[in-house]
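Please look through the model below before reading on. The numbered points that follow are notes for someone meeting it for the first time.

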Amino acid sequence: MPTGRVIASHSNLYEVQAEGAVYRCRPRGRFKLEGARVLAGDLVTFRETDAGEGYIEAIEPRRTELKRPPVANVDQAVVVFTLRQPARNYPLVDRFLVLAESQGLAVTLCLNKCDLLSEEEVAEAVRHYGRAGYAVIPTSAKRSMNIDVLRQALAGKVTVLAGQSGVGKSTLLNQVVPGAELVTGELSRKVQRGIHTTRHVRLLATGGGLVADTPGFTHVELDDMPLRDLAGYFPEFHKYEGKCRFAGCLHDQEPDCAVKEAVAAGAIDPERHQHYLDFLAEAREAEKHRF
Ligand SMILES: Nc1nc2c(ncn2[C@@H]2O[C@H](COP(=O)(O)OP(=O)(O)O)[C@@H](O)[C@H]2O)c(=O)[nH]1
Ligand SMILES: [Mg+2]
Ligand SMILES: [Zn+2]
């Protein structure tokens, strides 16, 4: 039986891409009994019944599984941000980064709307996140700047774009994937408010890779995040792991904390550490209400 990749999910109908052709497939009835659901991004075995149609017989084990949007086997998140229209919002950028890290995704940042920013502002943002261990691709969808660089970053991988509404995710994707024809701007916001489109996910093909046409992590609360895991989602903290006086140090009020010493010495950015503390407080609060 042929194998393929689910590139789109509708209510109970899936598009499976295999060797350049697309098959419209329904899942086997027993999936429902077993509580299994086919997701966009799944690698599946299917049986062709009619020309271009078939049944999904088996789902391969998933490497990763995102809830919002529901996509399997995502390799990376590209977190898109800007500094104007909408204004700089690093607390939110860091939240997207933590969500992506907690899902085990590789992360690249994309600083869009560079046409609205000075060279110094772009350099500062690249340096800020570079110090935290992230690559930052400066783009302007409006001026078609560095679209090829972004396209290269997506090649051969399954990617979701994440980021605040209005930063230009759909506009960027329209440039990266010619013919994508995603709705952008005010109109897209109206459509989003009106209907729930999250169950309909489509992966767009680009350079042997796939990119989700719905934004990742639309739900940005850190509800279920265990306190102790949070520091692990800040890559620049990693090299201080195990160097604090107390085992299990949360890098908050504890004395002789290697992370806080690194902040004081200028090796870790204080704003990033502050956002870590903010998220920690939020996770503490959520933990209280869990029992
Ligand atoms: N100046 C400028 N505007 C942009 C750029 N990219 C997108 N926009 C505009 O920003 C608005 C929001 O874009 P959209 O792609 O819908 O953002 P999304 O919510 O992240 O998908 C639209 O009016 C776009 O035309 C850019 O690089 N420069
Ligand atoms: Mg959009
Ligand atoms: Zn510590």
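What spacing do the donors of the zinc ion (ligand 3) follow along the chain?

1. The spacing is C-x4-C-x1-H-x5-C. The donors from the protein are Cys-244 (SG), Cys-249 (SG), His-251 (ND1) and Cys-257 (SG), at 2.1 to 2.4 Å from the zinc ion (ligand 3). Donors here are N, O and S atoms within 2.8 Å of the metal (3.2 Å for Na, K and Ca); water is not among the atoms, so sites may look incomplete.

2. On conventions, this is a predicted model, in which local features need pLDDT of at least 70 and side-chain atom pairs count only at pLDDT 80 or more, while totals for chains, interfaces and linings use all residues. Residues are numbered from 1 along each chain as its sequence is written, chains are lettered from A and ligands numbered from 1 in the order in which they are written, and side-chain values use heavy atoms, with hydrogens and water left out.

3. The arrangement around the zinc ion (ligand 3) is tetrahedral because its four donor atoms subtend angles of 104 to 113 degrees; for four donors, the term requires all angles to lie between 85 and 135 degrees. The ideal angle for four tetrahedral donors is 109.5 degrees.

4. Cys-244 counts as buried at 13% relative accessibility, and His-251 counts as buried at 9%. Buried means under 20% relative accessible area, exposed over 50%, and partly exposed in between (1.4 Å probe, protein chains only).

5. Arg-68 and Pro-69 are joined by a cis peptide bond, with omega about 0 degrees. Pro-69 sits in the loop between strand E6 (65-66) and strand E7 (71-72). Helices (H or I, at least four residues) and strands (E, at least two) are DSSP runs, numbered from the N terminus.

6. Asn-73, in the loop between E7 and E8, is not a glycine, yet has a positive phi of about 60 degrees. Asn-73 counts as buried, at 2% relative accessibility.

7. Gln-85 lies in the loop between E8 and H2 and also has a positive phi, near 55 degrees. Gln-85 counts as exposed, at 57% relative accessibility. The peptide bond from Gln-85 to Pro-86 is cis, with omega near 0 degrees.

8. Asp-94 belongs to helix H2 and is buried, with a relative accessible area of 0%. Beyond its neighbours within four places in sequence, Asp-94 is in contact (heavy atoms within 4.5 Å) with Tyr-129, Arg-272, His-275 and Phe-279.

Terms used: Four donors count as tetrahedral if all angles lie between 85 and 135 degrees; four count as square planar and six as octahedral if opposite donors are over 155 degrees apart and all others between 65 and 115; anything else is irregular.
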